[in-house]
Amino acid sequence: MIDHGIAFPNFRLHVVPAVVALASPTWQREVWLDRDQFEDLDHVVHVLFDDFCDAHEPARFLAGSLRTAEEVELMSCLGAAYGAVQDAVGASSPDEAFLDDPGWPAVVAAAARLAQVMLSNDYRALAALHEAGHSWPPGAGRMAEEGEAAGGAVEAV
């Protein structure tokens, strides 16, 4: 697996939660069907198909908001699964019609696999940054080194 990095980290900050939302039927019913909540299926669809990615043709987002070819492939699978449900129920149908469609579990499964891969890739990239000496919050590594130099015990976080 080659991690191509991400040129648009702010895009990814929208894409990952949208994928996670599609992977969670409980979230979908508790949030999307509650008219008092901001997020609904339309919001998620705009994030994944219009604003920060194109789940129908995600290849051009490699190294943009998607890190690996596997993420591109899985996003394409998610786009296809969602497209099949949208074709079955109609694009303007209410969220509940999507959630009740027999094809919806395939959308959830595709999103769950993609979410697992995206989060694993992000954690791997974060660990690589940490190993390269980048720490958060800024100065945290320096404080740990100063504590060790003074003979104090330092707890790993």
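Student: Where is Thr68 placed?

Tutor: Thr68 sits in the loop between α3 and α4. Helices here are DSSP runs of H or I with at least four residues, strands are E runs of at least two, and both are numbered from the N terminus. The model is a predicted one: local features need pLDDT of at least 70, side-chain atom pairs count only at pLDDT 80 or more, and totals for chains, interfaces and linings use all residues. Residues are numbered from 1 along each chain as its sequence is written, and side-chain values use heavy atoms, with hydrogens and water left out.

Student: Is Thr68 buried or exposed?

Tutor: Thr68 counts as buried, at 1% relative accessibility. Buried means under 20% relative accessible area, exposed over 50%, and partly exposed in between, with a 1.4 Å probe and protein chains only.

Student: What is Thr68 in contact with?

Tutor: Leaving aside neighbours within four places in sequence, Thr68 is in contact with Met1, Ile2, Asp3, His4, Leu62 and Asn121. Contact means heavy atoms within 4.5 Å.

Student: What about Ala63, where is that found?

Tutor: Ala63 is in the loop between α3 (41-51) and α4 (69-89). Its phi is positive, about 75°, although Ala63 is not a glycine. Most residues other than glycine have a negative phi. Ala63 is partly exposed, with a relative accessible area of 26%.

Student: Zooming out, how many helices and strands are there?

Tutor: The protein has seven helices and zero strands. Buried residues make up 35% of its 157 residues.

Student: Which residues touch the most others in the largest nonpolar core?

Tutor: Val19, Leu22, Leu48, Met75, Leu78 and Trp104 do, out of 37 residues in that core. The largest share of this core, nine residues, comes from α6. A nonpolar core is a set of buried Ala, Val, Leu, Ile, Met, Phe, Trp, Tyr and Cys residues joined through side-chain atoms within 4.5 Å.

Student: What does Met75 touch?

Tutor: Not counting residues up to four places away in sequence, Met75 touches Val15, Val19, Leu48, Cys53, Ala55, Pro58, Leu66 and Leu114. Cys53 is buried, at 1% relative accessibility.

Student: Then how many salt bridges?

Tutor: The count comes to seven. A salt bridge is a side-chain nitrogen of Lys or Arg within 4 Å of a carboxyl oxygen of Asp or Glu. One of them joins Arg12 and Asp122, at 2.8 Å from N to O. Arg12 lies in helix α1 and Asp122 in helix α6, so the pair ties together parts 110 residues apart in sequence.

Student: And is Arg12 buried or exposed?

Tutor: Arg12 counts as buried, at 4% relative accessibility. Arg12 is also part of a salt-bridge network with Asp3, Arg67, Glu71 and Asp122.

Student: Which pair does Asp100 form?

Tutor: Asp100 forms a salt bridge with Arg29, the closest N and O atoms being 2.7 Å apart. That pair links helix α5, which holds Asp100, to helix α2, which holds Arg29, across 71 residues. Arg29 counts as partly exposed, at 36% relative accessibility.
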